[in-house]
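Dear colleague,

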Amino acid sequence: MAIGKRESLTANDWTAAALDALARGGLGAVAVEPLAKSLGTTKGSFYWHFTDRNALIAAALERWEQRDTDRVIAAVDQTPDVATRLRKLLRLVFTAVVGDPGAGAGSVELALQATATHPLVAPTLARVTERRLAYLTSLFTELGLSQARARDRGLLAYAAFLGHAQLAHSTPQLVPAGRALSSHIDRLIETLTAIED
């Protein structure tokens, strides 16, 4: 019996599909039967890789954390100059949330914020938020701010990111497009990175 392409799905295929469903429809959209249908397979394929829906959600959350936090920090850390590193980070995250309102980093972020009390989401969201804030704080500290002021500025930058993501998701027509978007992001970055004497 020949095994078709759809029958050879991996756990990574299911996890990617779950993350996409989460971005498009929130945690409730991460359901085995609709995912199986979208992947062109049966629920049996799912149970070959995961014990239950919670295991899939946990895998999707881990993938989101690696993709949208670990890899972003690693990529930004390749830049030696701290001011350039901070600007690169802010440009990357503000740009990532604009575009297809049903996909991408901003949509997953907002879906997780909306289900922040879910027993699987809460610890992941808390850990990721604290890690991101710690990273922002370290960058602002390297720029010369005291630890307390750096933490405040990091919190302000993170709140601006969440607000920008929500605006781009709920009312995308209000977010500038094209060159105006680039100028808008430039102004956001300049405001957030201005270090007063």
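With which side chain does the side chain of glutamate 109 make a polar contact? The partner is the side chain of tyrosine 158, at 3.3 Å. A polar contact is a pair of N or O atoms within 3.5 Å; within protein, one must be able to donate a hydrogen and the other to accept it, and residues adjacent in sequence count only if both atoms are side-chain atoms.

Please note that this is a predicted model, in which local features need pLDDT of at least 70 and side-chain atom pairs count only at pLDDT 80 or more, whereas totals for chains, interfaces and linings use all residues. Residues are numbered from 1 along each chain as its sequence is written, and side-chain values use heavy atoms, with hydrogens and water left out.

The overall picture

The protein chain holds nine helices and zero strands; helices (H or I, at least four residues) and strands (E, at least two) are DSSP runs, numbered from the N terminus. The C-alpha atoms fill a box of roughly 70 × 35 × 30 Å along the principal axes. The chain has 197 residues, of which 39% count as buried. Here buried means under 20% relative accessible area, exposed means over 50%, and partly exposed lies in between (1.4 Å probe, protein chains only). Among contacts (heavy atoms within 4.5 Å) with a separation of 6 or more, 69% come from residues 24 or more positions apart.

Glutamate 109

Glutamate 109 belongs to helix H6, residues 105-114. Its relative accessibility is 1%, so glutamate 109 counts as buried. Leaving aside neighbours within four places in sequence, glutamate 109 touches Trp64, Leu125, Arg132, Tyr158, Phe161 and Leu162.

Arginine 127

Another polar contact, of 2.8 Å, joins the side chains of arginine 127 and glutamate 65. These two residues are 62 residues apart in sequence, and their C-alpha atoms are 9.2 Å apart in space. Arginine 127 is part of helix H7, residues 121-142, and is partly exposed, with a relative accessible area of 43%.

The aromatic residues

Four aromatic pairs are found in a search of the whole structure. Rings of Phe, Tyr and Trp (its six-membered ring) pair if their centres lie within 6.5 Å; planes under 30 degrees apart count as stacked, over 60 as edge-to-face and the rest as tilted. Phenylalanine 46 and tyrosine 47 form an edge-to-face pair, because their ring planes stand at 80 degrees, with the centres 4.8 Å apart. Phenylalanine 46 and phenylalanine 50 are stacked, because their planes are at 25 degrees, with the centres 5.5 Å apart. Phenylalanine 46 is buried at 0% relative accessible area, and phenylalanine 50 is buried at 8%, whereas tyrosine 47 is partly exposed at 48%. Ring pairs join Trp14, Phe46, Tyr47 and Phe50 into a cluster.

Helices H4 and H5

Helix H4 (residues 53-76) packs against helix H5 (residues 82-96) at an angle of about 140 degrees, with the axes 9 Å apart. Axes are lines fitted to C-alpha atoms, for helices over the stretch in contact, and angles run from 0 to 180 degrees between N-to-C directions. H4 contributes Val72, Ala75 and Val76 to the contact, and H5 contributes Arg85, Lys88, Leu89 and Leu92.

Yours sincerely
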